Amino acid sequence: MAFPDSPRTSATGHGRPSRSRSRRRRPAPRLLGAALAAARQGLHVFPLWPHSKTPCLHGKRHCTGTVPCADGHLGWEQRATVDPDLIRYWWTASPASNVGIACGPSNLYVLDLDPAHGEPAPPQWAGARHGRDVLARLAAEAGHHYPGDTYTVRTPSPSEHLYFRVAADSQLRNTAARAGWRIDSRGRGGFIVAAGSRRRDGLYRVVRRPPIAPLPGWLATCFTPLQPEPRPNPVELGATGVSGTAESGAPVSGIRRQRYLDTVAAAVAHAAPRTAHDTLVRTAYALGRLVAGGEFTDEEARAALHVAAQQRRIPAYEAAEAISSGFDRGGLRPRRLSDRAA
Ligand SMILES: [Zn+2]
């Protein structure tokens with residue numbers, strides 16, 4: 001059954017419910033209440049499948065090009081909203097939907113602190129038993145207090161989500177262990193599951209309720225890429241067109257470039273379920289090096305990996321994180337297909 005993500009009767013083209021319908025309401029059921037509460041904090045919400053953290057708005061593959069996508073497909077990040085009428089419409093249609101918060105449009109950056117799950121910390125973080133311990137050390141090293149005085153949610157895992165406000169033009173994206181062991185983050189291009197949502201293994205609960213604090217500058221630097229993401233030279237790629245002639249090394253044909261993309265995408269799409277994530281991470285690293293070397297554009301490489309990840313049924317948020325992480329690391333070691341050494 002498809003999630004009815006826009007009112008069928010709407011002729012306005014905005015996928016909004018009519019006022020008369022949304023005003024006639026009883027006390028908000030729990031998840032609708034959670035969505036409305038998040039929106040009151042200025043957080044842009046969208047529905048997730050019940051008991052899950054998978055967006056339930058239609059994906060690009062199933063887009064029919066009708067309202068609200070008449071001018072092009074809109075994903076969860078574009079459709080996430082603070083509009084109480086639309087929120088009521090969505091959660092009336094599917095009251096058990098969990099609540100996703102799109103971090104980018106919400107000007108939100110969320111630290112995801114994980115427990116050790118029985119694993120010993122790597123030598124650099126010896127003695128740490130939780131992402132909280134690592135964050136405490138980062139704070140001490142920077143000469144600041146632990147940044148815990150902000151809105152905080154505990155997940156069923158159980159991890160802790162520390163919410164921070166960032167500027168509207170913040171470019172901070174999702175990271176995995178960039179700041180330190182057991183610390184991930186969600187920013188532009190990422191989403192989190194809001195308090196009040198439920199998974200089979202438990203509830204997302206608010207554990208601290210102060211207003212969302214601004215992201216401290218020292219903390220922001222922990223999530224900033226070590227060096228600016230290398231951009232391929234558009235002149236070089238444009239000028240060489242399909243022949244893909246590199247200034248250094250032998251010319252690499254467009255066919256070979258395409259074959260390379262097809263091969264790595266197939267490796268992800270057909271990986272065994274248990275190794276799919278690792279394959280994606282490795283492939284993203286390899287492709288990230290080639291993007292940094294100017295062999296592929298960031299967009300075409302990401303798109304190939306996302307399509308493959310979708311075929312392998314890797315959740316979109318997980319794929320986005322793995323790909324960004326691989327690109328970050330690969331970006332530090334640029335190479336071209338014509339280079340011999342891997
Ligand atoms: Zn669409």
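Me: What makes Cys-103 count as buried?

Reply: In this predicted model, Cys-103 has a relative accessibility of 0%. Buried means under 20% relative accessible area, so Cys-103 counts as buried.

Me: Why is Cys-56 called buried?

Reply: The relative accessible area of Cys-56 is 4%. That value falls under the 20% cut-off, so the residue is buried.

Me: How many disulfides are counted, and by what rule?

Reply: The count is zero. A disulfide requires a pair of cysteine sulfur atoms within 2.5 Å.

Me: Which atoms coordinate the zinc ion, and what makes them donors?

Reply: The zinc ion is coordinated by NE2 of His-58, SG of Cys-63, SG of Cys-69 and ND1 of His-73, at 2.0 to 2.2 Å. Donors are N, O and S atoms within 2.8 Å of the metal, so these four atoms qualify. Along the chain, the donors follow the spacing H-x4-C-x5-C-x3-H.

Me: What do His-58 and Cys-69 tie together?

Reply: Both residues lie in the loop between strand E1 (44–48) and helix H3 (76–79), so the pair ties together parts that are 11 residues apart in sequence. His-58 and Cys-69 are both buried.

Me: Why is the site of the zinc ion called tetrahedral?

Reply: The angles among its four donor atoms are 101 to 117°. Four donors count as tetrahedral if all angles lie between 85 and 135 degrees, so the site meets the criterion. For four tetrahedral donors, the ideal angle at a metal is 109.5 degrees.

Me: What share of the protein chain counts as buried?

Reply: Of its 342 residues, 50% count as buried. The chain has 11 helices and 12 strands.

How values were computed
Residues numbered from 1 in each chain as written. Predicted model: local features only at pLDDT ≥ 70, side-chain atom pairs only at ≥ 80, totals over all residues. Heavy atoms only, no water. Donors = N, O, S within 2.8 Å, 3.2 Å for Na, K, Ca; no water. Tetrahedral: all angles 85-135°; square planar, octahedral: opposite > 155°, others 65-115°. Helix = DSSP H or I, 4+ residues; strand = E, 2+ residues; numbered from the N terminus. Buried < 20%, exposed > 50% of the residue type's maximum accessible area, 1.4 Å probe, protein only.
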